[in-house]
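Please open the structure in a viewer and keep the selection tool at hand.

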Amino acid sequence: MKHHPRAGDLALAAAVLLPLVVALPRLGWPADDAGAWLAWVGRAAGILGLAMLLLAAATSIRVPGWDRPFGGLARLWRLHHALALALAAVPLGMPVAVDVLFPPLSRGPVWLGWLAWLAMLLFLAPTFGFFGRPRYQTWKRLHLVSAAALLLALAHALPLAGEAWPWWLLGLAGLAAIAWRKLGSHRARLAYRIETVEPLARGVVELVLAPQGRRLVHEPGQFVYLAPLDKTLAAGRGEEHPYTIASAPADDRLRIGIKDLGDASHALQSVTPGSMVQVEGPYGDVFGRHPSGRHRLWLGGGIGITPFVSGARDLLARGMVEGKVLLVYLANRPQRAYYLDELEAIAERLPGFSVVAHYYLERGALDVAFLATHCPDVAEREIHLCGPPAMNAHLRRLLVGQGVPRSRIHSEVLDFL
Ligand SMILES: Cc1cc2nc3c(=O)[nH]c(=O)nc-3n(C[C@H](O)[C@H](O)[C@H](O)COP(=O)(O)OP(=O)(O)OC[C@H]3O[C@@H](n4cnc5c(N)ncnc54)[C@H](O)[C@@H]3O)c2cc1C
């Protein structure tokens, strides 16, 4: 995660505060007694909570390219989740005392607020720890319940709010986001044909995709949503899953490394060459723009090597490296270091780019001694990590311990849940 605020963060913070700022003259400043303070805090919390809910809906959209001001789709969605969860912590009807919270049934807008709160609770329930890890597809479908919560919350707020325009503004942004995803997003999909399916290791293949019309323009290490259309697929036909583009932007083929991690990715191991896929994107901002002129250190683990494969192929295609780039490939054992031969061949041809493998089963977790041997100037470098969450957390601790400022460590996890 990148810790410095992006332009998108500031826009989001301004949008969250907008309805409260507009309402402040009406809310006034609370009188000097506890009841008035509680009512004021409750109203402010209700206003902020609803603004968060509407913005959570607006930020849940995927429009290729729109995620970059936020530091990539994963980061934008982390913001989106934080906003939605923050709302759950704000009892939506709390603005005033108990008699206002449970009024006669004739006060419809208040009861709509309660219904919105219930819908939100229903939506968030699968994420509570004691239910275990939610299934991704179920979690995705449940987002429709959150759309109902959004409509109910708007119906609750509009009659009660003194000034309606901020709610219309945020509400329309949320509804437009949902409408775009449901009705318009198919236009952003491009048709590709699977040219070859190349085995890389047990349970890992690389799909080579040829464009059947307009071709995707992307940066190194970005990702796409891939929906395979092969009728013989045992699972995941027509289902969208995110995959990193492992090819260089200059390559007219898209190359995608796919590891068997579940039903859909297992089925893709034997997808039929010649069949079609739909590709939507590009998304993400793995390498960002860091004009620091520093040498770089890339640390890729498991299937998290794919953004760096794209990065290395891009350096080769451009025939140049600005400064030095060291790629550390973290794998369990040599047989799991797919792409390593190709990466080593690139390193031989390209001055400034080098690669070294680290095998967990031989050396344990990557440690200070390994860094001191292979990257003694680590504290001076711009660092990119991509791997499983536990690996990223370990590397981040190690690097910070070696004096690398947090702002120079950029990490990605290939999982949105
Ligand atoms: C930005 C990004 C880039 C990725 N790049 C690659 C890559 O280059 N190569 C690769 O092999 N894998 C990549 N993945 C992971 C890949 O998306 C999952 O392995 C795949 O979606 C699993 O689906 P499944 O049905 O086979 O497994 P499931 O059993 O459904 O899920 C296995 C894991 O994948 C996650 N997952 C499932 N469906 C989705 C989805 N639609 N969106 C997000 N996460 C999902 C689940 O949370 C779970 O942790 C990437 C993921 C992300 C978020």
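This is a predicted model: local features need pLDDT of at least 70, side-chain atom pairs count only at pLDDT 80 or more; totals for chains, interfaces and linings use all residues.

**The whole chain**

Residues are numbered from 1 along each chain as its sequence is written, and side-chain values use heavy atoms, with hydrogens and water left out.

Colour the chain by secondary structure to find 13 helices and 11 strands; these are DSSP runs numbered from the N terminus, helices being H or I of at least four residues and strands E of at least two. Contact here means heavy atoms within 4.5 Å. Among the contacts between residues at least 6 apart in sequence, 73% join residues at least 24 apart.

**First stop: helix α1**

Select residues 7-27, which form helix α1. Its 21 residues reach 30 Å from first C-alpha to last, close to the 30 Å expected; the expected span is 1.5 Å times one less than the number of residues. Where does α1 bend? The bend, about 40°, is at Leu-17, and Pro-19 follows within four residues. Such a bend is the angle between axes fitted to the seven residues ending at a position and the seven starting there. Next, show the side chains of the helix: the buried residues include Leu-12, Val-16, Pro-19 and Leu-20. Directly after α1 comes Gly-28, with a positive phi near 65°.

Select residues 108-124 (α5) together with 136-160 (α6); their axes come within 8 Å and cross at roughly 160°. Axes are lines fitted to C-alpha atoms, for helices over the stretch in contact, and angles run from 0 to 180 degrees between N-to-C directions. The two helices are therefore roughly antiparallel, given that angles over 145 degrees count as roughly antiparallel, under 35 as roughly parallel, 65 to 115 as roughly perpendicular and the rest as oblique. The contact involves, among others, Leu-112, Ala-116 and Phe-123 of α5 and Trp-139, His-143 and Leu-152 of α6. The crossing of α5 and α6 is left-handed, a term for a near helix turned anticlockwise from the far one by less than a right angle, clockwise being right-handed.

Among the residues in contact are Leu-144, Leu-151 and Leu-158 of α6 and Trp-167, Trp-168 and Ile-178 of α7. The crossing of α6 and α7 is left-handed.

Pro-282 belongs to strand β6, residues 276-283.

Select residues 306-318 (α9) and 340-349 (α10), which pack at an angle of about 30° with their axes 10 Å apart. That makes α9 roughly parallel to α10. Val-309, Ala-312, Arg-313 and Leu-316 of α9 meet Glu-342, Leu-343, Ile-346 and Arg-349 of α10, and the crossing is left-handed.

Is α9 enclosed or open? Because 10 of its 13 residues are buried, α9 is largely enclosed by the rest of the structure. Phe-308, Val-309 and Asp-314 are among these buried residues. Gly-319, which follows α9, has a positive phi near 70°.

Select Tyr-339, in the loop between β8 (325-331) and α10. Although not a glycine, Tyr-339 has a positive phi of about 75°. Most residues other than glycine have a negative phi, and most peptide bonds are trans. Tyr-339 counts as buried because its relative accessibility is 8%. Leaving aside neighbours within four places in sequence, its contacts include Leu-200, Glu-206, Val-309 and Arg-313. The C-alpha atoms of Tyr-339 and Leu-200 are 7.3 Å apart, although 139 residues separate the two in sequence.

Finish in helix α10 with Glu-344, which counts as partly exposed at 36% relative accessibility. Glu-344 and Val-356 are 12 residues apart in sequence and 8.3 Å apart, C-alpha to C-alpha.

Definitions and conventions. Buried means under 20% relative accessible area, exposed over 50%, partly exposed in between (1.4 Å probe, protein chains only).
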